[in-house]
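Student: I am new to this structure. Could you take me through its aromatic rings, one step at a time?

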Amino acid sequence: MEGSKAEAGHPGLDTKAPRVIGLTGGIGSGKSRILAILEQEHKAWAILADQVAAKLEEPGGPALEKLVGRFGSGILDEGKGLDREAFAQRIFQDRKALEEVNAIVHPLVWKEIWRMVRQSSHPLVVVESALFDEESRKICDELWFVDATKENRAARLMAGRGYTREKCYAIMENQPGREYFLDLADAVIDNNGSMEETSRQVGRLLAWLKQR
């Protein structure tokens, strides 16, 4: 892993560089619970890929023009910004469209995250994203997959977002499956239990990371 960082020009070989954890998992897996533990108990600085993407998709942002070029001006709201809710509804029901959006936005997001990490003075940074690939993974010292059953994920989405059960499973069906995450991840967090159980897992993983 360190070799790939060196090739990418990432500061991961610098002892003063922050430790960087990549955090991923499917919708409803409970990544926000893990973020809260890392921020509150371990003083981590969180970077949310969705928030970075939203910034890049604002009027004048580098991602918006490319999205309009591919999907047309119908994806814009009255203020000429991205109509995020309508656009999300459209792409979550269309796997091909979702893949195209990821191909457009993903490289721009990771370029910006890389810049943020390199400029950070925090000793521990966590980057939360629904998608990682081998290139974006070079930013991270470890990639953690937050795992939860489909039943628990659906229950969280229904309670937190008001989705129907059918909508929950439709969205899950159009996202990468569990094997995708397991193939990339260095560690798995079972997020089906209590907050205390999850917190203990996070603590053990951090202790192991610090020993490396």
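Tutor: Here is a close look at the aromatic pairs and the charges placed over rings. The model is predicted, so to speak of local features pLDDT must be at least 70, side-chain atom pairs count only at pLDDT 80 or more, and totals for chains, interfaces and linings use all residues. Residues are numbered from 1 along each chain as its sequence is written, and side-chain values use heavy atoms, with hydrogens and water left out.

Rings of Phe, Tyr and Trp (its six-membered ring) pair if their centres lie within 6.5 Å; planes under 30 degrees apart count as stacked, over 60 as edge-to-face and the rest as tilted. By this rule there are 4 aromatic pairs. One of them joins Phe71 and Phe87 edge-to-face, at 5.4 Å centre to centre with 70 degrees between the planes. This pair links distant parts of the chain, 16 residues apart: Phe71 lies in helix α4 (residues 62–71) and Phe87 in helix α5 (residues 84–92). Helices here are DSSP runs (H or I, at least four residues), numbered from the N terminus.

Phe71 is buried, at 9% relative accessibility, and Phe87 is buried too, at 6%. Buried means under 20% relative accessible area, exposed over 50%, and partly exposed in between (1.4 Å probe, protein chains only).

Tyr180 and Phe181 also pair edge-to-face, because their ring centres are 5.0 Å apart and their planes stand at 80 degrees. Tyr180 is partly exposed at 26%, whereas Phe181 is buried at 4%. Ring pairs link Phe145, Tyr180 and Phe181 into a cluster.

Finally, the charged end of Arg70 sits over the ring of Phe71, 4.5 Å from its centre. A charge sits over a ring if NZ of Lys or CZ of Arg is within 6 Å of the ring centre and within 35 degrees of the ring normal.

Methods. Helices (H or I, at least four residues) and strands (E, at least two) are DSSP runs, numbered from the N terminus.
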